[in-house]
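The sequence and the structure are shown first.

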Amino acid sequence: MAYKTIQTKTEGRVGVITFDRPSALNALCDELTTELAAALEAFEADEDIGCVVLTGSAKAFAAGADIKELQDRDFVSLYMHDPFAKSWESVARFRKPIIAAVAGYALGGGCEIAMMCDFIIAAETAKFGQPEINLGVMPGAGGTQRLPRAVGKSKAMDMCLTGRMMNAEEAERAGLVSRIVAADDLLDTAMEAAEAIAAKSLPIAMMTKEAVNMAYEMGLTEGIRFERRVFQSQFATEDQKEGMAAFASKRAAHFRHR
Ligand code: CO8
């Protein structure tokens, strides 16, 4: 399918989505988030895709929601035609593993979309921030909820209340990103990680993602009970038999994703 504001491609079992609205630093207008949701739906449905990489340009992952599009919205229109529920949340709802590869600005909704991914790999040039307060609003796509879970209350308050940006080093120290790489190596590193994930059993990877995400939602006792049930259920998969048989006979596992 031809998109106007994103590009998509497939490399082996990895799907790549690249924000492509350079004139607005990949600001997340309605058209872009609608296309993003459609691309994710297509990758979700494609049995040959085991992991997705979401990325932007060297200058910007995404500089936030499209301010020019948002400025004249009113409460009722936002409530009745909520772009968050309709399209933004597609990233959080995506069930397969998804990695954000961030260079340049990841601000406002850009930072929030990156945080909806399973983990963030940052280029040295990455800058994260929730500057909505400078516009007379607060984060509206999960920033006040996911940021404190990622970096703790003090730093999240600092980011949301001052609107300042943090660089890649600070973001890694705070636990927002999993690793930092040179800008030129960003996509290769993300692809390498995605290929490694896509080579595992897809149902097991999806269950692992689901279980780790439960750590955000549940208390420890319930979370551990959830983990144990899912772990036990994995012994009903062919891939568990294959993985353990391969180890025992000292050969590489060939997962069949079932
Ligand atoms: N929206 C619309 N256009 C933008 C945005 C944006 N978020 N960011 C940049 N642009 C445009 C600029 O207007 C400019 O366009 P033009 O050339 O036509 O004037 C072009 O991109 C290049 O930008 P700059 O000239 O400003 O580039 P600089 O390198 O000087 O500055 C910055 C880069 C610092 C990133 C600057 O552009 C900036 O501050 N951008 C806004 C960042 C921001 O405030 N983001 C938060 C937006 S609000 C939000 O994300 C709320 C999410 C809630 C979602 C809920 C869904 C319902």
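Helix H6 is mostly covered, since eight of its eight residues are buried. The model is a predicted one, and the descriptions that follow should be read as computed from that model. The buried residues of H6 are Gly109, Gly110, Cys111, Glu112, Ile113, Ala114, Met115 and Met116.

Ala114 belongs to this helix, which spans residues 109-116. Its relative accessibility is 0%, so Ala114 counts as buried, the limit being under 20%. When residues up to four places away in sequence are not counted, Ala114 touches Phe61, Ala100, Val102 and Ile120. Ala114 and Val16 are separated by 98 residues in sequence, while their C-alpha atoms are 14 Å apart in space.

## Salt bridges

The count of salt bridges comes to eleven.

| Pair | N to O distance |
|---|---|
| Asp66 and Arg21 | 2.7 Å |
| Glu170 and Arg164 | 2.7 Å |
| Asp118 and Lys209 | 3.1 Å |
| Arg93 and Glu89 | 3.6 Å |

In the salt bridge of Asp66 with Arg21, the N to O distance is 2.7 Å. Asp66 sits in the loop between strand E4 (60-62) and helix H2 (67-70), and Arg21 in the loop between strand E2 (14-19) and helix H1 (30-45), so the pair ties together parts that are 45 residues apart in sequence. Both Asp66 and Arg21 are buried.

The side chains of Glu170 and Arg164 also meet in a salt bridge. Glu170 is buried at 11% relative accessibility, whereas Arg164 is partly exposed, with a relative accessible area of 28%. Through shared partners, salt bridges join Lys155, Asp158, Arg164 and Glu170 into one network.

For the pair of Arg93 and Glu89, the closest N and O atoms are 3.6 Å apart. Arg93 is partly exposed at 46% relative accessibility, and Glu89 is partly exposed with a relative accessible area of 28%.

The domain assignment divides the protein chain into domain 1 (6-198) and domain 2 (201-249). Their C-alpha centres lie 27 Å apart. Ten residues of domain 1 are in contact with six residues of domain 2. The size of an interface is often given as the accessible area lost when the parts come together. Between them, domain 1 and domain 2 bury about 760 Å², of which 57% is on carbon and sulfur atoms.

Across this interface, three residue pairs are found in polar contact, both residues of each pair being at pLDDT 80 or more. On the side of domain 1 that touches domain 2, the residues divide into four nonpolar, one polar and five charged. The salt bridges between domain 1 and domain 2 number one.

Asp118 and Lys209 form a salt bridge in which the closest N and O atoms are 3.1 Å apart. Lys209 is located in helix H11, residues 202-217. With a relative accessible area of 11%, Lys209 is buried. Leaving aside neighbours within four places in sequence, Lys209 is in contact with Phe94, Arg95, Lys96, Pro97, Ile98 and Asp118.

How values were computed:
Residues are numbered from 1 along each chain as its sequence is written. This is a predicted model: local features need pLDDT of at least 70, side-chain atom pairs count only at pLDDT 80 or more; totals for chains, interfaces and linings use all residues. Side-chain values use heavy atoms; hydrogens and water are left out. Domain bounds come from an automatic or database domain assignment. Contact means heavy atoms within 4.5 Å. Buried area is the accessible area (1.4 Å probe) that two parts lose on being put together, summed over both. A salt bridge is a side-chain nitrogen of Lys or Arg within 4 Å of a carboxyl oxygen of Asp or Glu. A polar contact is a pair of N or O atoms within 3.5 Å; within protein, one must be able to donate a hydrogen and the other to accept it, and residues adjacent in sequence count only if both atoms are side-chain atoms. Ala, Val, Leu, Ile, Met, Phe, Trp, Tyr, Cys and Pro count as nonpolar, Asp, Glu, Lys and Arg as charged, and the others, Gly among them, as polar. Helices (H or I, at least four residues) and strands (E, at least two) are DSSP runs, numbered from the N terminus. Buried means under 20% relative accessible area, exposed over 50%, partly exposed in between (1.4 Å probe, protein chains only).
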